Structure formats: structure tokens, C-alpha cells
Amino acid sequence: MPETEESIDIKFRLDDGSDMGPFRYSSASTVDCLKQRVLSDWPKGKTLVPKGINEVKLISSGKILENNKTVAQCKTPFGEVAGGGVTLMLMHVVVQPSLSKTKTEKKVRKAPKAVICTCTLL
């Protein structure tokens with residue numbers, strides 16, 4: 001008897017408290033797929049806009065989700081509302097922009113030149 005994939009509705013909560021979704025996914029969808037959806041549907045007018053999926057972090061139950069995990073692996077037994085065979089999950093979205101090279105490079109100070117004195121004894 002084949003197993004049917006469970007449908008999961010996921011709502012994404014942004015850092016300003018606004019929500020995106022809910023969007024329906026199969027339990028076999030990966031976190032990478034979710035991040036691509038968040039990136040493509042990012043609301044206009046936000047001050048912080050991710051430039052790629054590497055800048056988007058999804059958090060569920062206090063854990064940062066890894067890109068290769070499936071939605072089924074990220075589900076928690078509490079905090080989910082079942083209705084009509086569909087599970088509802090809430091994931092928090094954090095944008096963590098990459099630091100540019102100019103900001104990450106530390107200024108290298110040149111060591112002060114040592115004064116060398118030579119003494120000659122006669």
C-alpha cells in the first residue's frame with residue numbers, strides 16, 4: 001500500500017512581524033525550495049532585501065534549518081494545527097546579509113619602524 005505525501009501549509013514570519021503565506025508544500029520539499037519561494041515572493045518596500053538564498057535563514061522551533069533537510073524532517077510534534085489533513089507550520093525568516101570584502105578586511109597597520117642606534121667604542 002503506497003504512502004501518500006502529507007501536505008503542509010507553511011506561513012513565514014518576517015523580522016518586522018509581517019507574514020508571508022501560508023503556502024502549501026509536500027512533506028518531501030526541501031528547505032532550499034522554501035528559501036527560493038521566500039526569495040521570489042519577498043514583499044516590496046522592505047528595507048532589508050536578501051540577494052540570494054544564502055542570506056535567508058529559516059528557523060523552526062528555535063533551530064536554524066539546513067538546506068538539505070525536508071519539511072517532514074523539520075516538523076515538530078507541538079505547535080501544529082491539523083485541519084482537513086493539512087498541517088500548518090510557522091517558520092521565522094531571518095535575513096543575514098553577506099559582509100562585503102571591504103568590511104571584513106581588517107586594516108593592517110604597519111609596525112612602527114624601530115630606531116636603530118649604533119654605538120662605537122674607541
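Predicted model: local features only at pLDDT ≥ 70, side-chain atom pairs only at ≥ 80, totals over all residues.
Local features need pLDDT of at least 70 and side-chain atom pairs pLDDT 80 or more, while totals for chains, interfaces and linings use all residues. Residues are numbered from 1 along each chain as its sequence is written, and side-chain values use heavy atoms, without hydrogens and water.

The protein has three helices and six strands. These are DSSP runs numbered from the N terminus: helices are H or I with at least four residues, strands E with at least two. Along the sequence the pattern reads β-β-α-β-β-α-β-β-α. Of the 122 residues, 25% count as buried, meaning under 20% relative accessible area with a 1.4 Å probe, protein chains only.

Start with the hairpin. Strand 1 and strand 2 form it, with five residues between them. Gly-17 in the turn has a positive phi of about 95°. The two strands pair in the antiparallel sense over six bridges; pairing takes at least two DSSP bridges. Arg-13 has Asp-19 in strand 2 as its bridge partner.

Now the rings. A search of the whole structure finds one aromatic pair. Phe-12 and Phe-23 form it, 6.2 Å centre to centre, with 40° between the planes. That is tilted: rings of Phe, Tyr and Trp (its six-membered ring) pair if their centres lie within 6.5 Å, and planes under 30 degrees apart are stacked, over 60 edge-to-face, the rest tilted. Phe-12 lies in strand 1 (residues 7-13) and Phe-23 in strand 2 (residues 19-26), eleven residues apart. Phe-12 and Phe-23 are buried.

Technical notes: Buried < 20%, exposed > 50% of the residue type's maximum accessible area, 1.4 Å probe, protein only.
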